[in-house]
Amino acid sequence: MQFHHHGYVSGDPRIQSPAGFGIDRPAELPDEVDVLIVGSGPAGMIAAAQLAQFPNIHTRLVEKRPGRLEVGQADGIQARSVETFQAFGFAERITAEAYRITEMAFWKPDPQNPANIVRAARALDDEAGISEFPHLIVNQARVLDYFAEVARNSPSRLEPDYGYEFVDLEVAEDGDRPVTVTLRRTAGEHVGETRNIKAKYVIGCDGAHSRVREAIGRRFLGDKANHAWGVMDVLAETDFPDIRLKCAIQSHDGGSILHIPREGNHLFRMYVDLGEVPEDDNGKVRLTAQKEVEARANKIMHPYTVTVKHVAWRSVYEVGHRVTDKFDDVAPEHSGTRTPRVFITGDACHTHSAKAGQGMNVSIQDGWNIAWKLGHVLDGRAPESILDTYSAERQVIAQNLIDFDREWSALMATRPEEMDDPSQLEEFYVKTAEFPAGFMTEYTPSMLVAANIHQELATGFPVGKRFKSNMVTRVCDANPKHLGHHATADGRWRIYVFADEPAAGEPSRTAELAEWLVTAPSSPLLAHTPADADLDAWFDVKVIYQQPHTEVDLSKVPAAFLPKVGPFQLIDYEKVYAADPADDIFTARGISRAGAIVVVRPDQYVSQVLPLDAAGELAEFFAGIFLSRPGAA
């Protein structure tokens, strides 16, 4: 964390100085806004936290509840989400209060006595070391609290406007704020009253029964629900030995359970198989009593017993696998004729079972994806055309999730004796670990993702996939650091310069690139960054030398990697790194010893890999994304 460069900070450095709409922020919801977010679930809250970093954009978030969420339904936090929390500054704190999944146990019918279950296998949760971040279990409400804190402490001082229910919207063909949203008060002295808000853009984060989705004419495509599960967060007395391990429990004739320990050491969650749902059920299964769910759980877990003492939360749901036909308000036949004004995220555009732990995690990436893009457009950095990439990118990811969850849900509901291989469930869990962890997302070429024609220069940073961090040494203070952990959710692009073999101060392609970055009119630092802003305001350029940090002379490092920032124009020394001899990033990530440029988007996905002498290609890539800045050097 960096601070003091604007003057001495004696309080909490996470609380940024107010700016823009954060100065004298109106307490009441105004009649006109730039972005209106509907719903304060995971997608809505991360979108608010990201847009709050753009204080000149007037963003408001409305929520029909009268206050914060107290009991959340989602609880599984995959490693990719924890990476995201790191960018927003709260990964360590939420990890400290969460339950950490390190192993999963698989229980099956005892071959000698099928009425009883026995432990058949245990699998490491991240056997291959997919991420340095853990797989966590924590109440969804706490995730929302942390994102709310980020938004509240941001320059925008953004806080949810509780007690407003979305009713409908209309999109005009023109106008500065073409979206008119009708809201109804659900709390306070004006309950029941309606009012209209005009917005430039709307993000619908209002769940599976989304009214925003209905208002823009999007519809779900996919399977109807045909299998029901009872889910309960409980405090209970039990003799089951793996009660504090994540477990997949399959019985001979009672169905199956997905068991998940919760944070705090005592609470746990069980997804209890309620069986197939008749087509003419008409939702009756959702009325299944808690006592029946508990009875089924005890039948599945025989000879072990569970005696529930307290129910913190419960529900009954039917598994359905559906994804909307598009994630914005532009009909497919009208694509290219206008840019979208309304977007839907999370459960509003994809629904699936909860057992793969994907709902909140995929929703978080939906919200981040659209938020930074709206930030770029409304801040004058990029054209509206980048907004078309939201639906194009995230709809594919949602469909991949549906396909994965359909297979996982089917396996969970299959009796062991009906499987081709008795170990099929645990083998699937291990083999597909990278997908639920959130690391199989790979965006295809677009204006934001270049073709991977130079991929051989950095094979460990696949273009289109998230930037996988690695240890390096920060030269200025000799501190070992994860390179990717210094990338905060501030809306900036990252340009990582992996130096060629000559040391700092010696003639090299790295030195030539550094000179170009600060002198060439086509350099993104000069062509797009506002003339009155710091050199690194929009592009965070870092260099990683191959030599040990003791052999990197800071006095000989080019100025491009030591920019002056803040009102006092102080040198930022935290952009110069060296390979860690014990874990050489060049070797670990397959980076050519001839060097490479790795460009990373604000949401941590690799956009381009280039050779060090490809300054022209780098300039051309950013010219296709950013607008030219009047007054830039």
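Which strands does helix α6 (residues 290-301) lie across? In this predicted model, where local features need pLDDT of at least 70, side-chain atom pairs count only at pLDDT 80 or more, and totals for chains, interfaces and linings use all residues, helix α6 lies across β6, β13 (227-238), β14, β15, β16 (268-276) and β17, at about 90 degrees to β16. Residues are numbered from 1 along each chain as its sequence is written, and side-chain values use heavy atoms, with hydrogens and water left out. Helices (H or I, at least four residues) and strands (E, at least two) are DSSP runs numbered from the N terminus; axes are lines fitted to C-alpha atoms, for helices over the stretch in contact, and angles run from 0 to 180 degrees between N-to-C directions.

The sheet is open and has seven strands in the order β6-β5-β14-β15-β16-β13-β17, with mixed pairing; two strands pair if DSSP finds at least two bridges between them. Its edge strands, β6 (113-124) and β17 (306-318), each pair on one side only. From one strand to the next, the twist averages 20 degrees. Strand β14 pairs with β15 (residues 256-261) in the antiparallel sense over four bridges, and Cys-247 has His-259 of β15 as its bridge partner. Helix α9 (residues 424-431) also packs on the sheet, touching β5 (103-110), β6 and β14 (contact means heavy atoms within 4.5 Å). The direction of α9 makes about 165 degrees with that of β5.

Lys-246 is located in strand β14 (residues 246-250). Lys-246 is buried (under 20% relative accessible area; exposed is over 50%, partly exposed in between; 1.4 Å probe, protein chains only) but has no salt bridge. A salt bridge is a side-chain nitrogen of Lys or Arg within 4 Å of a carboxyl oxygen of Asp or Glu. The nearest side chain of opposite charge to Lys-246 is Asp-125, 5.0 Å away. Not counting residues up to four places away in sequence, the contacts of Lys-246 include Tyr-99, Glu-103, His-135, His-259 and Tyr-429.

The structure holds 50 salt bridges. In one of these, Asp-145 pairs with Arg-68, with the closest N and O atoms 2.7 Å apart. Asp-145 lies in helix α4 (residues 140-153) and Arg-68 in the loop between β2 (59-63) and β3 (76-77), so the pair ties together parts that are 77 residues apart in sequence. Another salt bridge joins Glu-318 and Arg-286, the closest N and O atoms being 2.7 Å apart. Glu-318 is buried at 18% relative accessibility, whereas Arg-286 is exposed at 53%.

Terms used. Lys, Arg positive; Asp, Glu negative; His and termini not counted.
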